[in-house]
Amino acid sequence: MTRAILLISFAISIVTLPWFVSCGIAILYLSEGGSAIVVGIGGLILDMISAVPIPHLFGFAYLYTVLFCMLALAALYLREQLFE
Amino acid sequence: MKKMERSRDSKATFIKTAGALAVLGIVILFSTPLAVRIRALVATIAPPKNTDAELQALSKDALIARVTNDEDALNRVKYQAVLYDMVSKENAALRKAAHATFSPDFITARVIVRPPQTMYDTLLIDEGSAGEFAEGDIAAFDGVALGRIASLGEGTAIVELFSNPGAQTDVVIGAPQSIVVAKGMGGGAFELSVPQGVAIHANDPVRLSGSATLLLGTVSGVSAKETDASQTVYVRAPVSYSDLDFIDIFLHP
């Protein structure tokens, strides 16, 4: 139940709220045992919506994907360390 | 014992669900126009700090210097306004003499996503249907150049703001007027390297090269060393990207 509500909140926040709010909700969702893939996909959607190549980063345009995948990986690592 | 554990579990589940519902409620609330009313209410209850205390802390000489600076800046703006009006009238007269008709060569688009919703210096707008405008067209708001169309989608388009970190834009600045490259620093900030011979003051306008009327920003600071051949000029965009609701897209001729 909690996970589903947080997933809906995450999906809405991606297009309507500042990116750091989505990031916070993604952390809450992951801490509730949410799917890491969903968070990664969320990052990819954010990049598809608003990304442009950043000259300072050699034209890189996948900041959200990297950030959200890092969150997901950190969550997977912590889950593994805590429950095994 | 088991009963106690079950009651504790159900209490924890209830708190978690209530917390998640609160998050969902906040997300929905701030995704609707009601958020504007809430912000207005907060601003009324706790208005931004005024600068009276800051001014009272200044010495008499510092206050006089500040007033003189502000008056100078105001006079410059007034002079530029008069100049703009004269040029505008001259342009209208020339158009009339040449029988050139004025066609509105821009369309207005609604902004869907803007910073800080996105960490990129971009705007997502709702006008992207084929044939209306092309990649590279300039987006502006109230005479202020914001960026260029970076990509077109089905009914949407992405505007790359000129302040995108590392983006380079030709601008006109100073007296005598010089064309220099403005480097985007993110968040509406720019950095320019201008030869020392060009006189630049705080609040001077910085205009987009190739467009006589579009403003890119105003000078917020100048850093210069006598030993250097050039001075570093810091420029800020005069509009807040987070407040943009509608922008104009200037169509390619």
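Helices (H or I, at least four residues) and strands (E, at least two) are DSSP runs, numbered from the N terminus. With that naming in hand, welcome to a predicted model in which 26 residues of chain B touch 32 residues of chain A, contact meaning heavy atoms within 4.5 Å. Below are the interface, a pocket and a few backbone details.

Residues are numbered from 1 along each chain as its sequence is written, and chains are lettered from A and ligands numbered from 1 in the order in which they are written. As this is a predicted model, local features need pLDDT of at least 70, side-chain atom pairs count only at pLDDT 80 or more, and totals for chains, interfaces and linings use all residues, while side-chain values use heavy atoms, with hydrogens and water left out.

**Chain A**

- Chain A has four helices and zero strands, and its elements read α-α-α-α from the N terminus on.
- The C-alpha trace of chain A spans about 40 × 30 × 15 Å along its principal axes.

**Where the chains meet**

- About 2,400 Å² is buried between chain B and chain A, 72% of it on carbon and sulfur atoms; buried area is the accessible area (1.4 Å probe) that two parts lose on being put together, summed over both.
- B:Gln117, B:Met119 and B:Tyr120 supply 30% of the area that chain B buries against chain A, more than any other three residues.
- There are 12 residue pairs in polar contact between the two chains, both residues being at pLDDT 80 or more. A polar contact is a pair of N or O atoms within 3.5 Å; within protein, one must be able to donate a hydrogen and the other to accept it, and residues adjacent in sequence count only if both atoms are side-chain atoms.
- On the side of chain B that touches chain A, α1 (2-31), β2 (122-125) and β5 (157-161) of chain B each supply at least two residues.
- Of these elements, α1(B) gives the most to that side, with 10 residues.
- By class, that side of chain B has 16 nonpolar, eight polar and two charged residues. Here Ala, Val, Leu, Ile, Met, Phe, Trp, Tyr, Cys and Pro count as nonpolar, Asp, Glu, Lys and Arg as charged, and the others, Gly among them, as polar.

**Salt bridges**

- The structure holds five salt bridges over all chains, each a side-chain nitrogen of Lys or Arg within 4 Å of a carboxyl oxygen of Asp or Glu.
- The count between chain B and chain A is one: B:Lys16 pairs with A:Glu32, with 3.6 Å from N to O.
- B:Lys16 sits in helix α1 of chain B and A:Glu32 in the loop between α2 (19-31) and α3 of chain A, so the pair joins two chains.

**The second largest pocket**

- This pocket has a volume of about 830 Å³, the space filled by probe spheres set on grid points joined across faces, edges and corners.
- On a 1 Å grid over the protein atoms alone, a pocket is an open set of points where a 1.4 Å probe fits, with protein on both sides within 12 Å along at least five of seven lines; lining residues have an atom within 4 Å of a point.
- The lining holds 27 residues, and A:Thr16, B:Phe30, B:Arg39, B:Arg114 and B:Gln117 lie nearest the centre.
- α1 (2-16) of chain A and α1, α2 (34-45) and β1 (106-113) of chain B each supply at least two lining residues, and β1(B) gives the most, with four.
- The lining divides into 17 nonpolar, five polar and five charged residues.

**Backbone details**

- Most residues other than glycine have a negative phi, and most peptide bonds are trans.
- B:Pro115 and B:Pro116 are joined by a cis peptide bond with omega about 10 degrees, and B:Pro116 is in the loop between β1 and β2 of chain B.
- A cis bond also runs from B:Ala175 to B:Pro176, with omega near -5 degrees; B:Pro176 is in the loop between β6 (168-173) and β7 (178-186) of chain B.
- A:Phe58 has a positive phi, near 55 degrees, and lies in the loop between α3 (36-50) and α4 (63-83) of chain A.
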